[in-house]
Amino acid sequence: MNRRILDHPILGKAKEDNYVSFTFNHQSYKGLKNEPLAAALLANGVRTLRYHEESGSCRGIYCNIGHCFECRVTVNGKQAERACLTPLQDGMVIESNEKLPTPVKDWSAEHE
Ligand code: FES
């Protein structure tokens, strides 16, 4: 599935030689070199980047400017990289952060 605009009225046509390969959760994709990981994944139809620490609900792009950290993923083994700010490089191994430690304390366990 390619949701990318291949022929933009102002930016022109996407160049075929700018494409690089990467994986997300062990599945192979192609994206434009140096575009944000979030854009590359969205162009490939991937909207869920991780799952909420407590509720397990889907998380993806929210602010898209590096403020909210909702888009954090693991890149080449490094956790909590913001997909909206990280430029795509050839051969990147990206994984969704299934469950990261949370700063939110579980108060319910103390009051049982
Ligand atoms: S979408 Fe908010 S930090 Fe990436």
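Let's start with Glu70 and Arg59, whose side chains meet in a salt bridge, 2.9 Å from N to O. Glu70 sits in the loop between S6 and S7, while Arg59 belongs to strand S6, so this pair ties together parts that are 11 residues apart in sequence. Arg59 is partly exposed, and its relative accessible area is 24%. Before I go on, please keep in mind that this is a predicted model.

Why would such side chains meet at all? Side chains of opposite charge can pair when their charged atoms come close.

Now, how many salt bridges does the structure hold? There are 6. Another of these joins Glu53 to Arg72, with 2.4 Å between the closest N and O atoms. Here, too, distant parts of the chain are linked: Glu53 is in the loop between strand S5 (50-51) and strand S6 (58-59), and Arg72 is in strand S7, 19 residues apart.

Are these two partners buried or exposed? Glu53 is buried, at 9% relative accessible area. Arg72 counts as buried as well, with a relative accessibility of 15%.

Last, let's look at Lys78. Its salt-bridge partner is Glu81, and the closest N and O atoms of the pair are 3.5 Å apart. Lys78 is exposed, with a relative accessible area of 52%, whereas Glu53 is buried.

How values were computed
Residues numbered from 1 in each chain as written. Predicted model: local features only at pLDDT ≥ 70, side-chain atom pairs only at ≥ 80, totals over all residues. Heavy atoms only, no water. Salt bridge = Lys/Arg side-chain N within 4 Å of Asp/Glu carboxyl O. Helix = DSSP H or I, 4+ residues; strand = E, 2+ residues; numbered from the N terminus. Buried < 20%, exposed > 50% of the residue type's maximum accessible area, 1.4 Å probe, protein only.
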